[in-house]
Amino acid sequence: MTNTPLPPRAEARPITIETHGITRQDDYAWLRADNWQEVMRDGRDVLADDIEAYLDAENAYQDAIMAPTEDLQEKLFAEMRGRIKEDDSSVPAPDGAYSYGIKYVTGGQHPKFVRSNRDGSNETILLDGDKEAEGKAYFKFGSAFHSDDHKLLAWAFDDKGSEYYSLLFRDVETGHDSDTRIEDTAGGGIFSKDGKYLFYVRQDDNHRPSKLFRHEIGSDPANDKLIYEEEDAGFFMGVGRTQSGETILIDIHDHETSEVWMIPADRPTEPPVLISPRDTGVEYSVDDHGDTLYILTNQGNAEDFKIVTAPKATPGREFWTDLVPHTAGRLILSHDVYKSFMVRLERENGLPRIVIHRLTDGIEHEISFDEEAYSLGLAGGYEFDTTEIRFSYSSMTTPARVYDYDVETRQRTLRKEQEVPSGHDPANYVTRRLQAPAADGETVPISLLYHKDTPLDGSAPCLLYGYGSYGISIPASFNTGCLSLVDRGFVYAIAHIRGGKDKGFRWYKDGRRETKKNTFTDFIAAARHLVAEDYTSHRKIVAQGGSAGGMLMGAVANLAPEAFGGLIAEVPFVDVLSTMQDDTLPLTPPEWPEWGNPISDKAAYDYIASYSPYDNVTAKAYPAILAVGGLTDPRVTYWEPAKWIAKLRATATGDNLLMLKTNMDSGHGGASGRFDRLKEVALVQAFALMVTGKV
């Protein structure tokens, strides 16, 4: 490349940090804004000049390096947009006399929330996302939900990317919002049964959802009643209602422990009642039916979870009775209780299935599919007295399908199939499921998608995606975004590494805290297996991960840089040691069960220090790296990728590209508009094509 611009160099301003008698040096800690709370709320307007200048310089460098791919990015964007049905809509969800759904219009970036009569007639737009977003650099809906009498709509939005949501109330008949506006909420809420009250969670100055309030409709929010305050900064809080609508649930949890309180939805001013006190390592979630609670839990060494019942009058653990016993290797993911049946989503041998349990006699049957790898999900709904459920199905070659399923007749009705306007022939693609051998004898599942004409002789480039944290499993679902790469000869692969729950709860347990390094070595094993099986070669593997998956990218870059030709790290959690020692940050205390607490536990400090990507950068040849951050991101702060790239540039040998792009108008999820987000995908795909020689 001629006239290649010189990359920015961040000034080294060393500070020393001593913990447990260990001293370390951080040259780039100054990139963490002292007023980070203000930056999350107000963006670059309150950012220190030197930090802003550095981020702008990195953005300018990234723009210059990627400028030769602008035409390619436009082409990729056009292809991905061409696969989206622009005037798409959801399958309406019935609720009494009405049905609710969302729809888009051609050219529209944001959804419209709509309501029609149950038979589909007389559709009304309740909320117009494109209209609400006018004049805003960033706009995202939190949620929109209606009162039981269908007269009032509560809705929330974030216009900074900071995930502080403003909550408003709209009269459905007039379409006008009231003057009431509640700020700094978590984005959701729930109405009481009579529609006179709304329960919502407010975020504190450190972005923690710590207080539950009850708002009386029409009153001044300043007078809202504090119902519950969570004193432990390590716990999240949320509020919801059971499927029956009879019980309001206050859910308090971290990554391994739960506590739930309940309030009768028809008696919203009653104080909450505790179901079972928190017990470290015990998780539970609750639904109800009449006077009975149905509880999904891992209590009693039920590692892969079981379902128990308890009387509402005596909900404590001593009254729990097994309904669906624990079965090792069968992970129960969720459950919903309806008038005559219970439905649960579970996973066994890496594949999901839906199980229907009849309440009268306990007879069960399942819904499953035959492909090697697929994704299955329950769509939920408003109604309790029904015999129908809704679920979605897709595979890496099969576009998403939405079915209604009658649990009594066992008949499936296809309600919607994802349209790909530019065309999609599943016969042109192959999906496979591989098992990569790990060093300790485990096998790591890999889901593959490639074009039928792609040569499998080691010459194909490969995009290898991984996450591996919080028990989150990455589904082998249909993804129109990856098809532009696949059509250009890429093998698209998902490594189902430890830290997720793809092979049961133990798969998660074996990839967190003191076993976290299994996540990284599993991913490297997947890369090496793909090479051994002639799907690709190491120099042509581009690895991709975001958030905790971005930490994965940083860790494997340190451990096995030779295994990858490039890395895409989106909002990457790479400064693990510093972040886990900063208990003022929004997510630090709740994250200690996942990573360990390096403040109080020297063993945890030592272990995190041994893999924290930022702390383990050394003088070696790293693969080409594109890191992407968001200035107002409250989950992975912008300074993590900024510090990481600064240190890599000062330390790494060789001349491979090291680039940082900071979105100055958004947070963790990137751009909010559906087409603006595709432009970001086009950028990272152009990078993958560039570093594998496809440009």
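This is a predicted model: local features need pLDDT of at least 70, side-chain atom pairs count only at pLDDT 80 or more; totals for chains, interfaces and linings use all residues.
Arg513 sits in the loop between helix H6 (505-509) and H7, the helices (H or I, at least four residues) and strands (E, at least two) being DSSP runs numbered from the N terminus. Although Arg513 is not a glycine, its phi is positive, at about 45°. Most residues other than glycine have a negative phi.

Residues are numbered from 1 along each chain as its sequence is written, and side-chain values use heavy atoms, with hydrogens and water left out. Local features need pLDDT of at least 70 and side-chain atom pairs count only at pLDDT 80 or more, whereas totals for chains, interfaces and linings use all residues.

Helix H7 (residues 517-532) has 16 residues and spans 22 Å from its first C-alpha to its last, close to the expected 22 Å, a figure defined as 1.5 Å times one less than the number of residues. Its buried residues include Phe520, Phe523, Ile524, His529 and Leu530. Just after H7, Asp534 takes a positive phi of about 65°.

The axes of H7 and helix H8 (residues 548-559) come within 9 Å and cross at roughly 70°, the axes being lines fitted to C-alpha atoms, for helices over the stretch in contact, with angles running from 0 to 180 degrees between N-to-C directions. H7 is therefore roughly perpendicular to H8, given that angles of 65 to 115 degrees count as roughly perpendicular, those under 35 as roughly parallel, those over 145 as roughly antiparallel and the rest as oblique. On the H7 side, the contact (heavy atoms within 4.5 Å) is made by Thr519, Phe520, Phe523 and Ile524, while H8 contributes Met551, Leu552, Met553, Ala555, Val556 and Leu559. These residues divide into 9 nonpolar, 1 polar and no charged, where Ala, Val, Leu, Ile, Met, Phe, Trp, Tyr, Cys and Pro count as nonpolar, Asp, Glu, Lys and Arg as charged, and the others, Gly among them, as polar.

## Helices H3 and H13

Helix H3 (residues 70-82) packs against helix H13 (residues 674-691) at an angle of about 125°, with the axes 8 Å apart. The two helices are therefore oblique to each other. Among the residues that make the contact are Leu72, Leu76 and Phe77 of H3, together with Phe675, Leu678 and Leu689 of H13. The residues of this contact comprise 11 nonpolar, 2 polar and 2 charged.

## Two buried residues

Ser210 is found in strand E13 (residues 209-216), and Ser210 counts as buried because its relative accessibility is 11%. Leaving aside neighbours within four places in sequence, Ser210 is in contact with Val201, Arg202, Asp204, Tyr228, Glu229, Glu230 and Met237.

Ile608, in helix H11 (residues 602-611), is buried with a relative accessible area of 0%. With neighbours within four places in sequence again left aside, the contacts of Ile608 are Val576, Leu577, Met580, Trp595, Gly596 and Pro598.

Ala64 belongs to helix H2 (residues 49-66) and is partly exposed, its relative accessible area being 33%. Asn122 lies in the loop between strand E5 (112-117) and strand E6 (124-128), where Asn122 is exposed with a relative accessible area of 56%. The phi of Asn122 is positive, at about 60°, although Asn122 is not a glycine.

Terms used
Buried means under 20% relative accessible area, exposed over 50%, partly exposed in between (1.4 Å probe, protein chains only).
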